[in-house]
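Please read the report below alongside the sequence and the 3D view.

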Amino acid sequence: MAQRWQPDFEQLVDEHQSMVFSLAWRMTGDRGLAEEVAQDVFLELDRHMVRIESPEHALNWLRRVAMSRSADALRRRRVRGVDLWVEIEDKHGAPVEEKQSPLETRLEQLLSTLPEAQRAALVLRYQEDLTPEEIAATVEAPVATVKSNLHRGLKLLRAKATTHLKEYIRGI
Amino acid sequence: MEFERFDQPEKSDEFERELRQAMERRPAPPSLKRRILQKRSARRTERHHTTMIWWQRVAASLLAGAVLAGGFGWRQMEERRKGEEAKQQLMTALRITNQVLNNMNRKLAEHDRGEK
């Protein structure tokens, strides 16, 4: 009989903290909030450890919960009346700790101005390299909706890049 | 349909390649793991503490229930005992009354016979 996979919490944190943190940061546009979301996601994982059946299950579970917790965090901020996008503008204007090219920084800045559903689809597509079906399973939406969000999001991002990033990108 | 190209990554254009490159995973802050493990440990301690308090409350409730049930049982036994005692006293009184009435009856009968 095959032995049941025993998840190791610390190892899961090591392996996936960058993925969870990046998803949260790109979805919320706020580093501090992304750290809070990442902590919550892993603490929730700790409570659900007995139900995690395989490394793939852990990865998909973390992606799904990171996306939904990020959406919750954005909603809470909207309810509190914080003007998130003004904050994002401020934060993107500040020097970034990680080594990022100006193009990458500007692209992320433009991404943060897209509607939430389109941003989620693009982040999962281009950060996590997921197929539309996998994105649909992650965000719990129909595949057709995901494809539409990808198409519209990419079109909108391309249009914004045409205006703001013409000097950087050849493929616009 | 244009949507179909999302199923074929090889069809992505230069802009999408730039986007993919720009959206590589960012390294998590070095302190994130430590903070997660600290919070986890604090939550476990808190959960343990909450469980202990819960068990203490259950034990206290059980003890209080047992005391109440014991008190109620004792009271019922006491009432039954008092009832039995009262019954015995009544029976004794009735026996005495019966004896007295029998004696009076006998004396009256003797008195009637003496008059005849």
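A:Asn149 is found in helix H8 of chain A, where helices are DSSP runs of H or I with at least four residues, numbered from the N terminus. This is a predicted model, in which local features need pLDDT of at least 70 and side-chain atom pairs count only at pLDDT 80 or more, while totals for chains, interfaces and linings use all residues. Residues are numbered from 1 along each chain as its sequence is written, and chains are lettered from A and ligands numbered from 1 in the order in which they are written.

A:Asn149 counts as buried because it has 25 C-beta neighbours inside 10 Å; the term asks for 20 or more other C-beta atoms within 10 Å of the residue's own, with C-beta atoms placed from the backbone. Apart from neighbours within four places in sequence, A:Asn149 is in contact with A:Ala117, A:Gln118 and A:Ala121, contact being a pair of C-beta atoms, placed from the backbone, within 7 Å. The C-alpha atoms of A:Asn149 and A:Pro132 are separated by 9.9 Å, the two residues being 17 residues apart along the chain.

## Helix H3

Helix H3 of chain A, residues 55-80, has 26 residues and reaches 37 Å from its first C-alpha to its last, close to the 38 Å expected at 1.5 Å a residue, a span taken as 1.5 Å times one less than the number of residues. Among the buried residues of H3(A) are A:Trp61, A:Leu62, A:Arg63 and A:Met67.

## Where the chains touch

In total, 33 residues of chain A are in contact with 24 residues of chain B. H1(A) gives the most to the side of chain A that touches chain B, with eight residues.

How values were computed: Contact = placed C-beta atoms within 7 Å. Helix = DSSP H or I, 4+ residues; strand = E, 2+ residues; numbered from the N terminus. Buried ≥ 20, exposed ≤ 12 C-beta atoms within 10 Å, placed from the backbone.
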